[in-house]
Amino acid sequence: MKIARFSHDGAIDYGIVDEDALVVLAGDPLFTGFDTTGERVPLGKVGALLAPVIPRSKVVAVGKNYREHAAEMGGEAPEEPLLFLKPNTSVIGLGDAILLPPQSQQVEFEGELAVVIGKIARNVPEAKAHEHIFGYTVANDVTARDLQKKDGQWTRAKGFDTFCPLGPVIETELDPEAFLRTRVNGELKQEARLSEMVHDIPSIIAYASSVFTLLPGDVILTGTPAGVGPLVAGDTVEVEVEGVGSLVNPVRAPK
């Protein structure tokens, strides 16, 4: 089941994707379930598909979770998940522009699968991690690589406004063998199976929830495969996860 957050007639609603229309939900399904209003909105009349979730407290991300990406960064994949945080103010949706900050001369894409947490998770064992997953979406962990190297820690490099595109929808089912692909201006830059992650989704949830409580609506970025590279003004970057969707964003210089 695919769930969208969208604008329509001056309002923001949630809906279930049903072929060429959205079945409007009575509220945010994370908190109110899947009761519907009876209204159907044709996709052609939707104002915009918005970021499908705005994290209530945090975006948790995992670094170096594909071995070939760890190697291209000059190291090895860590034995435990390498966690960092992105602010929820970095989140944008499908079609929104990634803005290049003047502080950086080297902004790069990192296509990723994102996990949306569905219920409070604290010290969750791996075997029960699936009980805390609401669904999955597509992410781009945009990074100011030069600032990442300069600062020695990742908060500024990962945290600029617009540096966490999410979308286009939340999918409640996932094929663990699905491909993740990133394209820039139509050219394939990244391709890997989700099964190539060093630390799988249950182990990430177990590890992260042993550090801090995960709240409904929190998002976990599960890491990027090899092939990361630069973005410049005028580019269009697309991250695709098979079965989930394609997240497309233009890249702009700030005004």
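Visitor: Which strands form the open sheet, and in what order do they stand?

Guide: Five strands do, in the order E9-E20-E19-E15-E16, with mixed pairing. The edge strands are E9 (98-99) and E16 (187-193), each of which pairs on one side only. This is a predicted model, in which local features need pLDDT of at least 70 and side-chain atom pairs count only at pLDDT 80 or more, while totals for chains, interfaces and linings use all residues. Residues are numbered from 1 along each chain as its sequence is written, and side-chain values use heavy atoms, with hydrogens and water left out.

Visitor: What makes E9 a strand?

Guide: Strands are DSSP runs marked E of at least two residues, helices are H or I runs of at least four, and both are numbered from the N terminus.

Visitor: What are the partners of E11?

Guide: E11 runs antiparallel to E12, with 7 bridges joining them, and Ile117 is bridged to Ile133 of E12. E11 also pairs with E17 (residues 219-221), again antiparallel, over 3 bridges; there Val115 stands opposite Ile220.

Visitor: Why is E11 called mostly covered?

Guide: Buried means under 20% relative accessible area, exposed means over 50%, and partly exposed lies in between, with a 1.4 Å probe and protein chains only. In E11 (residues 111-117), 7 of the 7 residues are buried. Gly111, Leu113, Val115 and Ile117 point one way, Glu112, Ala114 and Val116 the other, and all are buried. In a regular strand the side chains alternate between the two faces of the sheet.

Visitor: Where do the buried residues of H5 pack?

Guide: They pack against E6, E7 (82-86), E11, E12 and E17. In H5, 7 of the 9 residues are buried, among them Ile201, Ile204, Ile205 and Ala208.

Visitor: Why is Asp141 called buried?

Guide: Its relative accessible area is 1%, which is under the cut-off, so Asp141 counts as buried. Asp141 is found in the loop between E12 and E13 (143-144).

Visitor: What makes the meeting of Asp141 and Lys158 a polar contact?

Guide: A polar contact is a pair of N or O atoms within 3.5 Å; within protein, one must be able to donate a hydrogen and the other to accept it, and residues adjacent in sequence count only if both atoms are side-chain atoms. The two side chains make theirs at 2.8 Å, so the distance meets the cut-off. Contact in general means heavy atoms within 4.5 Å. Leaving aside neighbours within four places in sequence, the contacts of Asp141 include Phe84, Lys86, Glu108 and Phe163.

Visitor: What makes a space a pocket, and what is the volume of the largest pocket?

Guide: On a 1 Å grid over the protein atoms alone, a pocket is an open set of points with protein on both sides within 12 Å along at least five of seven lines, whereas a cavity is a set where a 1.4 Å probe fits but cannot get out; lining residues have an atom within 4 Å of a point. Grid points are joined across faces, edges and corners, and a volume is the space filled by probe spheres set on the points. The largest pocket has about 280 Å³. Of its 20 lining residues, Lys64, Met73, Arg145, Gln148 and Trp154 lie nearest the centre.

Visitor: How are the linings of the two pockets classed?

Guide: Ala, Val, Leu, Ile, Met, Phe, Trp, Tyr, Cys and Pro count as nonpolar, Asp, Glu, Lys and Arg as charged, and the others, Gly among them, as polar. The largest pocket has 4 nonpolar, 7 polar and 9 charged lining residues. The second largest pocket, with about 200 Å³, has 8 nonpolar, 2 polar and 1 charged.

Notes: Two strands pair if DSSP finds at least two bridges between them.
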